[in-house]
Amino acid sequence: MKKIEGGICAVEGVKAAGACEDNYGVAVIHYPDSSAAAVFTKNKVQAAPIIITRESVKDGKLSVIVANSGNANCFTGKEGIEHAKLMASQVAEGVDVPLDHVAVASTGIIGRQLPLPIISKLITDALRRLENSSGASRNAAEAIMTTDTYPKEFAVETTLKNGKTICIGGITKGSGMIAPNMGTMLSFITTDIEASPAELEEALKKSVEKTFNMVVVDGDESTNDIVILMSRPGKGNIDGNFQEALDYLCSQLARMMAHDGEGATKYMEVEVKGAQSLDDARMAAKSIVKSPLVKTALFGADPNWGRIVAAVGYSGARMDENTISVRLEEGDRIVDIVDKGKIMGFEGTEELELAESIMEREEIKIIVDLALGNYEATAYGCDLSYDYVRINSEYST
């Protein structure tokens with residue numbers, strides 16, 4: 001497996017485009033007659049495009065995705081549904097595909113009707129620019145940004161066990177309102193493997209559980225979360241090599257979202273090992289990256305092991321305060337601040353001095369060993385800064 005350039009357009013036959021005007025953007029991704037699978041938000045408040053796309057992807061076939069930024073088209077009633085259908089209809093006509101082959105996605109402010117004239121104009125602009133190129137993938141990634149500070153895309157190439165080389169490419173957006181529970185991030189992934197919708201769905205759900213669902217920026221679950229995976233039609237080719245490549249691609253996109261958390265100044269990666277079950281490992285890791293107290297300690301460069309241990313304690317995971325260990329890492333610098341229940345990083349120790357130095361860095365890894373089993377999981381997050389409050393207090397204006 002190796003990283004390649006091109007994003008979603010690293011896959012031959014995929015065309016993409018993006019168009020932006022003021023605070024609005026539209027991305028179009030055209031992959032004719034593809035097999036498809038999708039995973040959606042579990043929030044009970046679901047945006048109009050989520051409702052539309054659930055129906056479109058039900059038979060496992062898609063040809064095009066249209067996604068807009070600047071307006072979530074959520075909590076907008078029947079009019080919102082009609083606006084989402086009009087977006088789908090315009091794109092279906094533009095690339096000459098059946099209406100039920102169109103997926104719609106939106107991100108932005110909740111509770112306001114979609115400014116359809118602007119979105120329609122941007123759809124027209126994007127349709128004119130469709131092409132298979134690295135620039136087209138980047139433009140599509142830029143068009144779906146809201147509070148993101150940079151476009152997020154990634155692509156890999158791998159060799160299947162049958163000797164065939166395949167590509168997987170993806171773009172994503174997500175900076176705030178990030179605590180995916182799929183079961184305001186958008187992610188669109190393309191691959192040239194030949195697979196059935198059922199095979200894609202199984203592979204995608206596995207990847208989402210260990211990557212996107214392990215990202216926490218602020219703990220709020222969006223009403224618009226969606227991940228779509230599209231491939232060439234066929235079956236029987238997905239194997240362990242493909243799953244590994246898909247997992248890696250999704251983990252890289254997930255890391256980008258955590259790095260780009262609203263107002264973030266630091267990135268943290270939390271690895272929990274020694275858990276009695278995979279669920280325990282995931283619960284504990286997510287509890288740490290979700291904790292406002294851990295996040296603010298990260299912002300203040302405070303190696304507050306007590307907050308980390310407390311977050312594990314209320315996570316629901318099985319733990320024993322007499323066996324837990326907590327380690328901080330940054331590059332080749334490593335320090336144990338709790339070792340099998342014994343506090344190492346207390347006032348006046350070399351451990352605390354090194355821990356404080358590590359916490360000053362922009363990327364910190366926290367490793368928690370529960371010493372109760374053989375399961376492990378990794379979660380991704382960021383600090384909670386003054387700018388997060390500023391950005392979100394001004395968001396609707």
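This dialogue goes through a few features of a predicted model and how each may be read.

Me: What should I keep in mind about numbering and confidence?

Reply: Residues are numbered from 1 along each chain as its sequence is written, and side-chain values use heavy atoms, with hydrogens and water left out. Because the model is predicted, local features need pLDDT of at least 70 and side-chain atom pairs count only at pLDDT 80 or more, whereas totals for chains, interfaces and linings use all residues.

Me: Which radius of gyration does the chain have, and what would a compact globule have?

Reply: The radius is taken over C-alpha atoms, and the globule rule is 2.2 Å times the number of residues to the power 0.38. For 397 residues that rule gives a value near 21 Å, and the chain, at 22 Å, agrees with it. Its C-alpha trace spans about 70 × 55 × 35 Å along the principal axes.

Me: How many helices and strands does the chain have?

Reply: Both are DSSP runs numbered from the N terminus, helices being H or I with at least four residues and strands E with at least two; here there are 11 helices and 16 strands.

Me: How do I read helix 3, and which of its residues are buried?

Reply: The expected span of a helix is 1.5 Å times one less than its number of residues, and helix 3, with 13 residues, reaches 18 Å from its first C-alpha to its last, close to the 18 Å expected. Buried means under 20% relative accessible area, exposed over 50%, and partly exposed in between (1.4 Å probe, protein chains only). The buried residues of helix 3 are Leu 116, Ile 119, Leu 122, Ile 123, Asp 125, Ala 126 and Leu 127. Contact means heavy atoms within 4.5 Å, and the cover over these buried residues includes strand 2, strand 3, strand 4 and helix 2.

Me: Is Val 335 buried or exposed?

Reply: Val 335, found in strand 13, counts as buried because its relative accessible area is 5%. Among the residues that Val 335 touches, not counting those up to four places away in sequence, are Val 326, Leu 328, Leu 354 and Ile 358.
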